[in-house]
Amino acid sequence: MFYIKLGFRNLLRNFRRSFKTMLVVAIGLACCILTEGFMSHTLWGLKESLINGGLGHFQIYRKGYMTNSLEKPYSFLINNPSKIYAELEKNSLIKCITPRLNFGGMISTGEKSTIVFGFSGLPSKEKELNNFSTIESGNFLTENKPFGIVLGNGVAKKLNLKVGDSVTLMATLKSGGINALDFEVTGIICAQIKAYNDVLVIANIKAIQKLLNLSGSVDRIIVLLKRTEDISKVEPFIKNICEKMNLEYLNWEKLAGLQYSRPKLFYDLVYVLIMSIVVLVVVFSITNTLNLAMQERVREIGTIRAVGTTRFQVIKIFLSESFIIGLIGGFFGILLGYLISWILNSSGGIAIPPPPGQARGYIALFKPDILEAFKLMTLFTITTVVGGFYPAFRASRLVIVDALRWF
Amino acid sequence: MLNQTENIELITLKDVSKVYRLGKVEIPALKNINLVINKGDFISLMGPSGAGKSTLLNIIGCLDTPTKGEIIIKGHRIKEMSDRKLSIFRNRHIGFIFQSFNLISALNVYENVEYPLIIRGKKVDKEKVIETIESVGLKDYLKRRPDELSGGQRQRVAIARALVTDPDIILADEPTANLDSKTGEKIISLLLELNVKNNVTFFFSTHSEIISSYAKKVIHILDGQIY
């Protein structure tokens, strides 16, 4: 405690210089908090857009589907999904359970055609699952139009289609033959990922089951939770059902794959880079401050060494000063970071243009995590202590008689 | 009481020499010094500037090491001690009074005097700190910072800081040099009073014949040699 008191008093000796150094720490920490807040909100947005853009939190398949679906797309289907629904419905954290049947094929207007990949589901449930996609025109799937179809805006543009137009959807059957059905375009949507819009087709599951001659069969069951935070609570439940019913599952993170992991890695690297730069600035700043403090107190160091202060105790005196700078600067850094976040969020956030590969821009908000902020404060305090080590070491190695002669 | 203790050997210097090296030039600061300081001594070290007074005090105070020779303080051979042990040894056995007072400006009078006890890492006897400050006549200045005190008062704080650890010897390097003659005499009278009353051993350097006249024993040094 004495060292903290002495360190605090020593910092007050040159208040302006100490204040400036604390300000460097505070601004540096605030920058990191803002960066973290921006990135966590952006990644949260990306995660939710993927989950609510059709992936769901979990997808359940028949065992073997994941390894064989490319070769034999319709050989590992779930033929009686209602039993699985009944099991899943027992968990109150689940918001929506819906079947899916994915397909690939060709869509044609008679004059033009293009390859499409899509999925089919229950219209009422798919609305809940696709709430991050924007309807550009028309409506999403409806029960009263069983042969309605929703197109990605890229597909509509390629085929020059608009709501109300008729198209023919052709697909290969399990047996190898080809079937075709006519559909009416009921809506054109813009999904978050641009490339996806160029091939995306969404249809009613019953129509696609008819097209593929797979009545009652689905290739997956999508599970959407009420809150993404509950994933870890629900996952054991899903796993248990899968083991019991000869199924397998993937969670959203595995389903999203590179779509999420790449941007996350990118943001993580940017964060580390920014933090490294800030930490370096803080280290140099604290080293400079304590070097100056040491130069000003050479004779005093000689005196305290003469009266019996050990080298280690001299180091402790200097490190206590850097520790206080880190702690107080860090505390005000958190306040500053949260204040700036609040101001920016209150003013409506920052409009960000579409990131590479994305169809739409977004409004960036700053949602710093308080736990992360305290971790940063700890890191900065450690950083300042590390930054203070060199001048502290130098001070401890001063030759006493030379230090006592210093003017 | 004084007579019973005056012949107890406290510090012995055997053939001590100190040479400073400035590049290739060797400057002898002390030459074959042999000296014994007994418990209860009140010794003045006199000599002109550059005679070697400070060097001798630094070596006796374990702040510097001799180039040659040996120092034994209370039976401890100094040259065998590590830096850490020397620090602890200084704290336990030696008190220092400096020409420029050398107080810690961030601490008040009480805290400056308390400092040598705090670094021992044990609970500080506050009563003792206050008693020591009282003994130098600064009872009413406990909370004052050094920059709020006169030169004489600062030197009294330095004396209290040196006394508080009950050292075997107090070394004072020109303790009155930065004070006016009247204050200087008051300070040396205080040291003498502490020597007589409490049997504290003092070894101080000075230029002043008047200050030196208070000493029970005067040692003259010139060109690094005692005579």
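Modeller: One term to start with: two strands pair if DSSP finds at least two bridges between them. Also keep in mind that this is a predicted model.

Colleague: OK. How do strands S4 and S7 of chain A pair, parallel or antiparallel?

Modeller: Antiparallel. S4(A), residues 134-138, pairs with S7(A) over four bridges. One residue to look at is A:Thr134, whose bridge partner in S7(A) is A:Cys190.

Colleague: And S5(A) with S7(A), parallel or antiparallel?
Modeller: Parallel. S5(A) covers residues 148-152 and pairs with S7(A) over five bridges. There, A:Gly152 stands opposite A:Ile189 of S7(A).

Colleague: How many bridges join S6(A) to S7(A)?
Modeller: Seven, and the two strands run antiparallel. S7(A) spans residues 178-190. Within the pair, A:Val167 has A:Phe183 of S7(A) as its bridge partner.

Colleague: What do S6(A) and S7(A) form?
Modeller: A hairpin, with five residues between the strands. In the turn, A:Gly176 has a positive phi of about 110°.

Colleague: Which way does S2(A) pair with S6(A)?
Modeller: In the antiparallel sense, over three bridges. S2(A) is residues 94-108, and S6(A) is residues 166-172. A:Ile107 stands opposite A:Leu169 in S6(A).

Colleague: Now helices. At what angle do H2(A) and H11(A) pack?
Modeller: About 175°, with their axes 10 Å apart. H2(A) runs over residues 15-55, and H11(A) over residues 258-296.

Colleague: Why are H2(A) and H11(A) called roughly antiparallel?
Modeller: Angles over 145 degrees count as roughly antiparallel. The angle for H2(A) and H11(A) is about 175°, so the label applies to them. The residues of their contact divide into 19 nonpolar, seven polar and four charged.

Colleague: Let's switch to where the chains touch. How many residues does each chain give to the contact?
Modeller: Chain A gives 19 residues and chain B gives 20.

Colleague: Which elements of chain A give two or more residues to that side?
Modeller: Four helices are listed: H1(A) at 2-13, H12(A) at 298-306, H13(A) at 311-346 and H15(A) at 400-405. H12(A) gives the most, with six residues.

Colleague: And how do the residues on the chain A side divide?
Modeller: Seven are nonpolar, six are polar and six are charged.

Colleague: On to chain B. How many helices and strands does chain B have?
Modeller: Eight helices and ten strands. Its radius of gyration is 17 Å, close to the 17 Å that the globule rule gives for 227 residues, so chain B is as compact as a globular protein of that length.

Colleague: What does the C-alpha trace of chain B span?
Modeller: About 50 × 45 × 40 Å along the principal axes of chain B. Buried residues make up 45% of the 227 residues there.

Colleague: What about contacts in chain B between residues at least 6 apart in sequence?
Modeller: Of those, 72% join residues at least 24 apart.

Colleague: Last one. Is H2(B) mostly covered or mostly open?
Modeller: Mostly covered. H2(B) is residues 53-60, and eight of its eight residues are buried. Among them are B:Lys53, B:Leu56 and B:Ile60. Just after H2(B), B:Cys62 takes a positive phi of about 60°.

Technical notes:
Residues are numbered from 1 along each chain as its sequence is written. Chains are lettered from A and ligands numbered from 1 in the order in which they are written. This is a predicted model: local features need pLDDT of at least 70, side-chain atom pairs count only at pLDDT 80 or more; totals for chains, interfaces and linings use all residues. A residue is buried if 20 or more other C-beta atoms lie within 10 Å of its own, exposed if 12 or fewer, and partly exposed in between; C-beta atoms are placed from the backbone. Two residues are in contact if their C-beta atoms, placed from the backbone, lie within 7 Å. Ala, Val, Leu, Ile, Met, Phe, Trp, Tyr, Cys and Pro count as nonpolar, Asp, Glu, Lys and Arg as charged, and the others, Gly among them, as polar. The radius of gyration is taken over C-alpha atoms; the globule rule is 2.2 Å times the number of residues to the power 0.38. Axes are lines fitted to C-alpha atoms, for helices over the stretch in contact, and angles run from 0 to 180 degrees between N-to-C directions. Angles under 35 degrees count as roughly parallel, over 145 as roughly antiparallel, 65 to 115 as roughly perpendicular and the rest as oblique.
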